[in-house]
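Visitor: I would like to learn how to read a protein model step by step, starting with charged side chains and ending with the sheet and the core. Could you show me the model and take me through it?

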Amino acid sequence: MGIEIKTVGVIGAGQMGSGIAHVCSLAGLSVQLHDLSEDRIKAGLATINGNMARQVAKGAIADAERQAALERIKPALGYDDLAVCDLVIEAATENEDVKRRIFTNLCPSLRPETMVATNTSSISITRLAAATDRPEKFIGIHFMNPVPVMQLVELIRGIATDDPTYESAKEFIAKLGKTSTVSEDFPAFIVNRILLPMINEAIYTLYEGVGSVEAIDTAMRLGANHPMGPLQLADFIGLDTCLSIMQVLYEGLADSKYRPCPLLVKYVEAGWLGRKTKRGFYDYRGEHPVPTR
């Protein structure tokens, strides 16, 4: 039997980490939210409060639920503050070296029975687990963005992940009211193995002049019934994250069909990363997004 998860630590108070803290607190779990600085934690808490306020306005939750959930989230200024956690989820930037350093520094502060998870969208769970002192208690728990809205969570076992850890993770996802699907530990898992090559192909379609940004997104929205176009979605995900995932696929599977489009590389080099920098395939600095090509 796995452990019962009552207190969750979240490392990273950005878009994904704040979303994970949001859904955990609403599900009645205590949350310890950590980031590199107190200012980042405060920004994450402000984001959570704003997103919950929108849920209240839509009638999805009551204001009393919002207030109670916010009270369950505590700032964790150091890894020692995560010692009380039953599960710690890393939601830092999609960079393997950064993640490995986090796990190496984190584990000495944790109880032996504490589970550790990563929210990576593409990196090998087995390799990341090797940076910990507990590979059998390590698992991939990949939430979709935006976390409060998206129903699916991918569970990915590393080669050493034991059955109690997997069962605890599955029960944890069910407690959040979400649906889990299981992926083998292959580059980019299931969703991004399918989704990111499509986005990359859309960028190639733009790069080769087959269609404009607006034409490509309109074609996929109306022709394939997608809720948003692939270039708009790339901006939402973050072009740096898209590039990182494509590089993992290209290097991990050694197949030229996963080669990142040169235009994607150029945008990332320019710092045009999408919504978070207010410029990507669309320019978000005005009242309405405007295509940049």
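Guide: Side chains of opposite charge can pair when their charged atoms come close. Here D86, R111 and E113 are linked in a network of salt bridges, where a salt bridge is a side-chain nitrogen of Lys or Arg within 4 Å of a carboxyl oxygen of Asp or Glu. Please keep in mind that this is a predicted model, in which local features need pLDDT of at least 70 and side-chain atom pairs count only at pLDDT 80 or more, while totals for chains, interfaces and linings use all residues. Residues are numbered from 1 along each chain as its sequence is written, and side-chain values use heavy atoms, with hydrogens and water left out.

Visitor: Where is D86 placed, and is D86 buried or exposed?

Guide: D86 sits in the loop between β3 and β4; helices (H or I, at least four residues) and strands (E, at least two) are DSSP runs, numbered from the N terminus. D86 counts as buried because its relative accessibility is 13%, and the cut-offs are under 20% relative accessible area for buried, over 50% for exposed and partly exposed in between, with a 1.4 Å probe and protein chains only. Leaving aside residues up to four places away in sequence, D86 touches I3, E4, I5, K6, T7, R111, T114 and M115, a contact being heavy atoms within 4.5 Å.

Visitor: How many salt bridges does the rule give, and what does the one between K99 and E90 look like?

Guide: The count comes to 12 salt bridges. In the pair of K99 and E90, the closest N and O atoms are 2.4 Å apart. K99 counts as buried because its relative accessibility is 1%, and E90 is buried too, with a relative accessible area of 0%.

Visitor: Why can E96 and R127 be said to tie parts of the chain together?

Guide: The side chains of E96 and R127 meet in a salt bridge of 2.8 Å, N to O. Because E96 lies in helix α4 (residues 96–106) and R127 in helix α5 (residues 125–129), the pair ties together parts that are 31 residues apart in sequence. R127 is partly exposed, with a relative accessible area of 42%.

Visitor: Which residue forms a salt bridge with K276?

Guide: That partner is D240, with the closest N and O atoms 2.9 Å apart. This pair links distant parts of the chain, since K276 is in the loop between α11 (262–269) and β9 (282–283) and D240 is in helix α10 (residues 239–253), 36 residues apart. D240 counts as partly exposed, at 22% relative accessibility.

Visitor: Let us turn to the sheet; in what order do the strands lie?

Guide: Strands of a sheet pair through backbone hydrogen bonds, either parallel or antiparallel. In this model eight strands form an open sheet in the order β3-β2-β1-β4-β5-β6-β7-β8, with mixed pairing; two strands pair if DSSP finds at least two bridges between them. The edge strands are β3 (73–76) and β8 (179–183), each of which pairs on one side only.

Visitor: Which way do the residues of β1 point, and with which strands does β1 pair?

Guide: In a regular strand the side chains alternate between the two faces of the sheet. From β1, T7, G9 and I11 point one way and V8 and V10 the other way, and all are buried. β1 pairs in the parallel sense with strand β2 (residues 30–34) over five bridges, and T7 stands opposite S30 in β2. β1 also pairs in the parallel sense with strand β4 (residues 87–90), over four bridges, where L87 is the bridge partner of V8.

Visitor: Where is an antiparallel pair?

Guide: Strand β6 (residues 138–143) and strand β7 (residues 152–157) pair in the antiparallel sense over five bridges, and I141 stands opposite L155 in β7.

Visitor: Finally, which residues have the most contacts inside the largest nonpolar core?

Guide: They are I141, F143 and F172, in a core of 34 residues; a nonpolar core is a set of buried Ala, Val, Leu, Ile, Met, Phe, Trp, Tyr and Cys residues joined through side-chain atoms within 4.5 Å. The largest share of this core, five residues, comes from α1. Apart from this core lies another, of 26 residues, among them A202, L249, L264 and Y282.
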